[in-house]
Structure formats: C-alpha cells, structure tokens
Amino acid sequence: MPLNRRITLAARPVGVPLESDFALDEVEIGSPQMGEALVRTLYASVDPYQRGRMSEARSYAKSLEVGDVITSVNLGEVVESNDPRFSPGDLVVGQLGWQEYANARAGTLRQVPPLLEPPTLALHAIGLTGFTAYFGLFDIGKPRPGDTVVVSAAAGAVGQIAGQLAKLAGCRTVGIAGGPEKIRDLTELYGYDAAIDYKSDDVGGALRNERVDVYFDNVGGEISQAVQRRLNLGARIVICGQVSLYNAVRPEPTFHPGLLVVFRAHMEGFLVFDYAHRYDEAAGKLAQWVANGDIHWREDVTDGLENAPRSFIGMLNGDNRGKALVKVAERA
C-alpha cells in the first residue's frame, strides 16, 4: 500500500491561524476492514467551520486534538472496497480529512452521480454548502415573493447559492462581500439585485432604504449589526456562520436581543447535518436548477495537499472567490 500524506494539527491557533499550526507527515495506510472502502482523495474542501474544530471551546462537534488529521469533506475515488455498496473507481464524497487516502465506513460515504460534471459540484453547489443554503434559506428564512433577502459573505460558497435560491423564490436580493471583483460576481454571475462592498462602503448607509425580511448571516460582527438595524417587522435571521469572530480570542456579542422585540423578529441557528435525512431532496432540486442554468457557481482551487493550510488561512481572510477547494490528485 502507498504511504499516506496528511495535514495534521501541530498547535492550536491563537487568533489568526499560522502555517506553523499545521504539519505535513506520512503514515502507512492499510486495507479496508469489513464494511469499509479505501478512498483516494481527489479534492478536499476548505471551510470556515474547520477553525472551530481547532479550538478547545465547547461546540457542536468534538475538538481536534494536536496530532489529529484536519477534518474536511472530500471528493475521492474508491481504490479498494470491502463493502458491496462500492466498487473500485466509484466517485464518493465523505468526511475524509486533509489526507491522500482514508479508510471510511461505507455508510458514511455518498456516491457521486456518474453524469455529474464537474464532479466537484458534489462538494459545493450540489453538496453540503448547497444543502446549507437550501435548508437555511427555505426552512428557517422562509422567504416569500417580494421579500428582501440580505446575505453576508455573499460571494462565498454558501452565500453564492443562498442568494440565487432567494431569487428563485421571487425575492429582492442584496449581497454583501469584500472587493470589486466579488461585487461584480454578485450582480453579474449570481444575479443579486444589489451588492455592497463592506471594504469601501458604509453598510448601514447602503441599507438605509431597505427593509430586510430575511438576513442570511454568515459573518456576524459589525456587518451583521448594520443589517440588524434595518430589519422589517416579522423578519427572520438565519445564523449560518460567524466567520468574523472565529479568530477572536474573546469574541464580543454582535446582536442586541431587544431588536427581536422591536421588530418581532425570529433568529435561529442551524447545522446542515440536522437535515441529513433530507439530503436527497436538496440534491435533486439543486441539481435540476444547476442543469437549467438557474444556479451559477465559482470554484477557487489550490493545487497540492501541502498548500491546504495556506488556502484555509486565505479563505478566513476572504481571499477566495467562490468555493475554496484543494486539488490533491487526478482521477486514475
């Protein structure tokens, strides 16, 4: 069996992660046990939630220990299978980590449809990030035709899909992102009705004439404070992420509970994993919208497993345009 290169946690980051907080090593990889498949990683996902897993703070999932492989969702190719559900050559998606090979329980893998092109869509638009946008917007945001939907980190993996789903629901969409290139993506590629550059615009001032019915919050912090002051009566706030706070040693609250009373608003956080029993529903609808050209997408791909930490740090800084991925290998 080949040696397995992997990225592990070398030290818990304090504040902004450094490349020295990660280590690249090689270990042997054995054959799959009964009910498992050996998967070779083709692409590994880079996501904000990974920052929380590196902390010892209490969260929805167990923290990584120093020395653990960095958790991630990967697109991979089955090399060897000890389960009848998979055969060598099958493309699958699973929580495999930043490593070249992984033995995974077959029940934790999802098969990628053979005709999906490119197959990396199973990691974003028709994968967990797409599912996150779908369930967060429709189940919690409950958009109605004519509503104004504001999305922060709107050019990111989840935000690009959330805004397009809101358009499909008949809503006016306002996206918030950083930098002129991302602002162009919002209006020209993803079809947002309006775009706000938080790096150069006064977000509160830009929203002065808006009444926000749904706020899809990916960032928290000052951006979210500005949006929350423009809520409409009965607004719904979808808490998907708080990326602006993930590197803070002592994060400060960014929401005044009294606003829920003033606007008779509803705020709810969620995890996409709670909707696992409905993934097929979301995948089917998202795939149809992508095929019809109703959903557009962008990937930001970094070559080489060894460069995953650099891609991750850049993503936290907002350097990526679209879904951040690391290309680990070509398909055999």
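In this predicted model, helices H2 and H3 cross with a right-handed sense. H2 spans residues 128–141, and H3 spans residues 157–168. Two packed helices are described by the angle between their axes and the distance between the axes. Here the axes of H2 and H3 come within 8 Å. They cross at roughly 45 degrees. H2 is therefore oblique to H3.

The contact draws on residues from both helices. H2 contributes Thr129, Gly130, Thr132, Ala133, Tyr134, Leu137 and Phe138. These residues meet Ala157, Val158, Ile161, Ala162, Leu165 and Ala166 in H3. By class, ten of the residues in the contact of H2 with H3 are nonpolar. Three are polar, and none is charged.

The cysteines were examined next. The count of disulfides is zero. Cys171 takes part in no disulfide. Its nearest cysteine sulfur belongs to Cys240 and lies 17 Å away. For Cys240, the closest cysteine sulfur is in turn that of Cys171. The distance of 17 Å is too far for a bond, because a disulfide requires the two sulfur atoms to be within 2.5 Å.

Solvent accessibility was computed for both residues. Cys171 has a relative accessibility of 4%, so Cys171 counts as buried. The relative accessible area of Cys240 is 23%. Cys240 is therefore partly exposed, as buried means under 20%.

How values were computed. Residues are numbered from 1 along each chain as its sequence is written. This is a predicted model: local features need pLDDT of at least 70, side-chain atom pairs count only at pLDDT 80 or more; totals for chains, interfaces and linings use all residues. Side-chain values use heavy atoms; hydrogens and water are left out. Axes are lines fitted to C-alpha atoms, for helices over the stretch in contact, and angles run from 0 to 180 degrees between N-to-C directions. Helices (H or I, at least four residues) and strands (E, at least two) are DSSP runs, numbered from the N terminus. Angles under 35 degrees count as roughly parallel, over 145 as roughly antiparallel, 65 to 115 as roughly perpendicular and the rest as oblique. A crossing is left-handed if the near helix is turned anticlockwise from the far one by less than a right angle, and right-handed if clockwise. Contact means heavy atoms within 4.5 Å. Ala, Val, Leu, Ile, Met, Phe, Trp, Tyr, Cys and Pro count as nonpolar, Asp, Glu, Lys and Arg as charged, and the others, Gly among them, as polar. Buried means under 20% relative accessible area, exposed over 50%, partly exposed in between (1.4 Å probe, protein chains only).
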